[in-house]
Amino acid sequence: MTDNAVIVGAGVIGLATAHRLAQDGLAVTVVDAGSAGAAGASVHNAGWIVPIMSAPVPAPGMLGKALRWMARRDSPLYVRPSPRPEHVRFMINMLRRCNPRDFAAGVEALTSLNERTLQLFDEYEKDGIRFEHHRTGQLLVFTTRHTMDEYRAATAPMERIGHTAVPLTGDELRDLEPALGTQVLTGLHCPQERHVDPASLVKGLEDRCRELGVRFLHDSPVTGIRTRNRAVTSVLAGGKEVTGDLFVLAAGVHTGPLSRLAGHPLPIRPGKGYGFDDTGGSVTLRHSVYLGEAKVAVTPLANRLRFAGTMEFGSSDATIDPHRLRGIARSAHTYMPDFPLESQPRGWTGLRPMTPDGLPVIGSLPGKDNLLVASGHSMLGVTLAPVTAEIISAEVSGGRQRADTAPTARPFSPQRFAARRSHTTAGG
C-alpha cells in the first residue's frame, strides 16, 4: 500500500497531481527548486482551457514553415542554431513526426484525453479551489480563408466530445468583438472553450493542497535520486533527503535531466514562449482570441489583457529577445488596429516542456516500480493538468479507482521512448 507520495515540481501539473493524490488519502510532499508561486511556465502562459486546440506541435507542413521563418527573428516559430547533439536529435525526431499519419494519431489521443476536461475544472470549483475562471468561449480569427480552412479541419475531431468550431464571417466576428479590424476576413467561434488567470490557478491549487495537508519544500532543487533495485527510496532536495513510497516527476522542462538521474533519460526539451500583459486599456475583449496566422493568443483577464505566442527551440534560459516581443505587438496591431503599434512591452518568457511527438509523458518510468512521470505537455499544461492527475491517481491505485473515467495512458507512456534507447539518448 502506497502511503507517502513525493511530487517533484510545483507547477500546475505537479499541484494538480498533489491535489488528486491528497484527495485519495495519501500523505503528499511537493518539492520544487523555485520559491512559492514562481511556477515558471505554469504562470507565464495564455491560461487557456482549450480542448479544441489540442493537437501535436509537429504537424504536416511544419518543416516548410520553419524554413521560411528561419531568417525572421520575430517569426511565430524560430529554431535557434545550436550544435548540441541533444538539440539536433530532438529537432530531427520532431520533424520526422510532421506527417499526416502521426499527426492524426496524436490528435485522436489528445481528443480522448480531453473528454472530461471541463467537468474536472468544474469539480475544482466545487472542491473549493479559488481561481479566476472565464466561460466566455474563444474566437479563432484569420486574415485568409485558407488558414481558416486548415484550422477548421484540425478542430473537427473534437466535435465528438462536444467542442465545436462554428465558421463566421469577418463582420460576424466584429459583432462579437468590435476591436477586430477589417483585415480579419473569417474565423471560428468555439463557445465551449474557457480561460483562466494561470497564476490564480496555481495559487488556488497550492492553497487547497495545504488545506488537504500537503507539505511543500520550496527552494529545494533535486540533485539526486536514490534507488534500491527497481525502487526509488528517496530524492535529495535542497540538501535534504526526502523519503517516500511513491515518486512523481512533474518538473516541466527539468523532467528530462531528472529522468536521467533515475537512469532513463526522457526527450523532454524546452520550447520558449514569450508574452506580455497590457494594462493600458486600448483594446477590450470578452472572448479569448487566437490570431491565426500570427499564432498569438490574446486573453482578457480581470485587470489586464495578456498576449502570448511564438515558439523558440534551442534556448533554455529566461533571457528575452526583444524582436520576438515586438513581433507579438505588431501582430496584435494587425488584427486589432487600436492596439498601439509603437508599444514597447515589458515581457516574460516561459519554457514549455516539449516532446518529439508532441504528446505528454504520463505514467511509470521504465525500470522503476514506484517512479512516475507527468510532463511534456507543450502548450497544454493548463488544459490537461486535471486529467493528467486522474491518470496518475489511477495508476497509483492499480486502476481500481475511477477505472471507468480515467483515460488510457498508453499513448502517453514513457515506455514509447524506451525502444529508442539503443539508438539515441535524451535528445530524441
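Q: What makes two strands count as a pair?
A: Two strands pair if DSSP finds at least two bridges between them. A strand itself is a DSSP run of E with at least two residues, a helix is a run of H or I with at least four, and both are numbered from the N terminus.

Q: Where does this model come from, and how are its parts counted?
A: This is a predicted model, in which local features need pLDDT of at least 70 and side-chain atom pairs count only at pLDDT 80 or more, while totals for chains, interfaces and linings use all residues. Residues are numbered from 1 along each chain as its sequence is written, and side-chain values use heavy atoms, with hydrogens and water left out.

Q: How do you know that strand 20 and strand 21 pair?
A: Strand 20 (residues 361–364) and strand 21 (residues 371–375) share four bridges in the antiparallel sense. The rule asks for at least two, so they qualify. One example is V361, whose bridge partner in strand 21 is S375. The two strands form a hairpin with six residues between them, and G367 in the turn has a positive phi of about 90°.

Q: Why is R101 called exposed?
A: Its relative accessible area is 66%. Exposed means over 50%, buried under 20%, and partly exposed in between (1.4 Å probe, protein chains only), so R101 belongs with the exposed residues.

Q: What makes E115 and R160 a salt bridge?
A: Their closest N and O atoms are 3.2 Å apart. A salt bridge needs a side-chain nitrogen of Lys or Arg within 4 Å of a carboxyl oxygen of Asp or Glu, so this pair passes. The pair links distant parts of the chain, 45 residues apart. E115, at 47% relative accessibility, counts as partly exposed, and so does R160, at 46%.
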